[in-house]
Amino acid sequence: MTGVGPKVAERLAKLDVRTVGDLLCLLPQRYEDRTAIKPIGSLAVGEKALVEGVVEISEVAYRRRRSLLARVADGTGAITLRFFYFNRSVEQALARGRRVRCYGEVRSGPAGLEMVHPEHRAVTADDSEPSDRLTPVYPTTEGLYQQTLRHIVARALAALEHEKLEDYLAPALASRSLAGAPWPPLATALLYLHSPPRDAAAELLLSGRHPCSRRIALEELVAQRLSLRRAAALTRTERARPLPVPSERLAAFRAALPFELTRAQAAAFDEIVADLSKDTPMNRLLQGDVGSGKTVVAAMAAVVAAAAGCQTAVMAPTELLAEQHFASFDRWLTPLGVEVAALIGAQPARARAATLAVVADGRAAVVVGTHALFQETVEFRQLALVIVDEQHRFGVEQRRRLKQKGTDDERVPHQLIMTATPIPRTLAMTAYADLDCSVIGELPPGRQPVQTVAKPQERRADVVERVAAQCAAGHQAYWVCPLIEESELVDSSAASALHAELAEALPNARVGLIHGRMKTGDKDTVMRAFKAGELDLLVATTVIEVGVDVPNATLMVVENAERMGLAQLHQLRGRVGRGPKASTCVLLYRAPLSDLARQRLGVLRETNDGFVVAQKDLELRGPGEVLGTRQTGVMQLRIADLLRDSDLLPQVIEISEQLLATEAKSVDPLIRRWVRGEAEYAKV
Ligand code: ADP
Ligand code: MG
């Protein structure tokens, strides 16, 4: 950026601003109305106001703290400006007789009204009226003043008028509209957002719902999608080892299963097999609701790799899930003569070395683990398939590192990514535009839909009784603690208190506790005990959300359900109903329910279908609501919000395809404008 010194540039970099484009996309956090000069006599304590007057008295006082006091009067009244930090130039600017304009919050001080550290500037004879635009307040960082930032942005905006920031979407947007109105051009949108007119609906701008905000969000989403599409195109130029279909082995595998595959599982597997037989790498997302049976499909893919003499790495986000996968893969594959190894968490050095050796020499055809699998020390002989469970927990970079482990002969492994987070189609086509997608859209037969009920806190005693009855019948239950705040410390102490309460209320039940601040080993011990049926009730924070499979658990109680998002509640509910027994989910809430919370609980009572829940989740999310960002996938978005802007996604898909087809030269610069670390990302 021209005209910006190295110090300022460094601070701007902290805000991730490196180019003029970045700067213009640094949108205000809020706006201040400085369009009218207020008579000092009319000021009220607490308001923020622009005033103008002449300095009558200016002195440095040494009471409690050294401070500069300047008394400014405008004929209607007077106000004291108070500074604790000031230098000579501030003193001079506020010397007696100077005319100044300042903006700040009005407070009541020892000598009447005052402003502490107001923004101020000298007023000259030919000074203009105050601006007729709202003043932007930017997110800033230490040492970078609002005024500096405003100044730099204003300069960039002025340059916009002659230099122009290329509007790559203009051709595509000419024939489209937003809610019936034409889309604003890029420059118009940026000018409006940084410098809105006095009568602009600031709320609308800040919530991202103004057409000008949406124009920027649209562009960002298009750029992000193009970047993913390009990554996919790059993948297609890579080579992978083709893995032919081992029909006999697969038949033996299926014959040994205690169940038949569902039609959806078989169909998803067919898509996977077709990919694996090609000499370009598979990049497939396997979506399926909680309990739909993704693991067995993944295991069959591992059979395909093993039959070709190749290795498969299976990665899970937690040790517990890794152990669970290891148990399943071991149970299914070892009888077929496929050796399965585990690299999970802390192992004795000897055991670990032995495992590393069988992985390195290729004896272990399948290796199940957590992040440990990325480590430098893990060498594969012939890695041809990588399976990642619950992908949203794995970073792009981690996947890339694992992928590199397969490139012994320039060939990269096939990748299968599993997720239980149901993603509506347009969202998947945007957030996962680099992946092909298979969906397991049905549950295994015999599962009874989880019955969901909502109950106010006042009925807690009934719920405790219900738990007692389930435990007495030999079933197990979860009780998920109130979500207090984003603090594991507070949440864990609430969990401990709840544990004590329930242990006392249920003297005949074995009650366990698991929360985020426990050591991994301790968590696993508790979880294992619960899986083994040695505990009847498990009191937990939301750490049990992902993937745990305990088919004997039939009751899930969730406290403060009114404060949780739909997707999260659905995931929690998915911990029960995993066996043939009828299961119940009790959503405890604190009255009174907000309208939105009531609708959310209603959705869960009405449906068990994760895709319906996800769709409703999108519809019900109010602007500004933060309910977790599980669905945002791999995108790092600055301005757009996949949930808030989900209605734009169909256009995002169309426009990005149109650009690829007819405006190919715009694609690169558009990606560069919006996508951080694009260079590295392209390698994934
Ligand atoms: P998820 O898709 O949530 O990862 P899992 O793979 O853990 O689900 O499967 C859930 C349970 O269903 C497991 O106990 C699994 O063995 C079982 N299962 C998987 N497929 C079938 C099927 N076709 N019929 C019956 N049970 C199945
Ligand atoms: Mg799973």
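Glutamine 476 stands opposite alanine 553 in strand 23, and this pairing belongs to a set of five bridges that join strand 20 (residues 476-480) to strand 23 (residues 553-558), the two running parallel. Strands here are DSSP runs of E with at least two residues, helices are DSSP runs of H or I with at least four residues, and both are numbered from the N terminus; two strands pair if DSSP finds at least two bridges between them.

This is a predicted model, in which local features need pLDDT of at least 70 and side-chain atom pairs count only at pLDDT 80 or more, while totals for chains, interfaces and linings use all residues. Residues are numbered from 1 along each chain as its sequence is written, chains are lettered from A and ligands numbered from 1 in the order in which they are written, and side-chain values use heavy atoms, with hydrogens and water left out.

**The chain as a whole**

The protein chain has 24 helices and 24 strands, and its C-alpha atoms fill a box of roughly 95 × 65 × 55 Å along the principal axes. Of its 684 residues, 54% are buried, where buried means under 20% relative accessible area, exposed means over 50%, and partly exposed lies in between (1.4 Å probe, protein chains only). Among the contacts with a separation of 6 or more, 75% are between residues 24 or more positions apart, a contact being heavy atoms within 4.5 Å.

**Salt bridges**

Side chains of opposite charge can pair when their charged atoms come close. The structure holds 33 salt bridges, each defined as a side-chain nitrogen of Lys or Arg within 4 Å of a carboxyl oxygen of Asp or Glu. The table gives examples.

| Residue | Partner | Closest N and O atoms |
|---|---|---|
| Arginine 30 | Glutamate 32 | 3.0 Å |
| Glutamate 657 | Arginine 229 | 2.6 Å |
| Arginine 644 | Aspartate 645 | 3.1 Å |

Glutamate 657 forms its salt bridge with arginine 229; glutamate 657 lies in helix 22 (residues 649-662) and arginine 229 in helix 8 (residues 211-236), so the pair ties together parts that are 428 residues apart in sequence. Glutamate 657 is partly exposed at 29% relative accessible area, and arginine 229 is partly exposed at 21%. Arginine 644 pairs with aspartate 645, and aspartate 645 is buried, with a relative accessible area of 0%. Salt bridges that share partners join Arg30, Glu32, Arg34, Lys48, Glu119 and Arg150 into one network.

**Around ligand 1**

Of the 16 residues around ligand 1, Glu260, Gly291, Lys294, Thr295 and Arg447 come nearest, a residue being near if one of its heavy atoms lies within 4 Å. A nitrogen atom of ligand 1 is 2.7 Å from a polar backbone atom of glutamate 260, and an oxygen atom of ligand 1 is 3.0 Å from a backbone N or O atom of glycine 293.

**Backbone exceptions**

Most residues other than glycine have a negative phi, and most peptide bonds are trans. The peptide bond from alanine 591 to proline 592 is cis, with omega near -5°, and proline 592 lies in the loop between strand 24 and helix 20 (595-606). Aspartate 16, although not a glycine, has a positive phi of about 65°; aspartate 16 lies in the loop between helix 1 (6-14) and helix 2 (20-24) and is partly exposed at 31% relative accessible area. Histidine 117 likewise has a positive phi, of about 45°, and lies in the loop between strand 7 (112-116) and strand 8 (119-122).

Methods: Polar contact = N/O pair within 3.5 Å; in protein donor to acceptor, adjacent residues only side chain to side chain.
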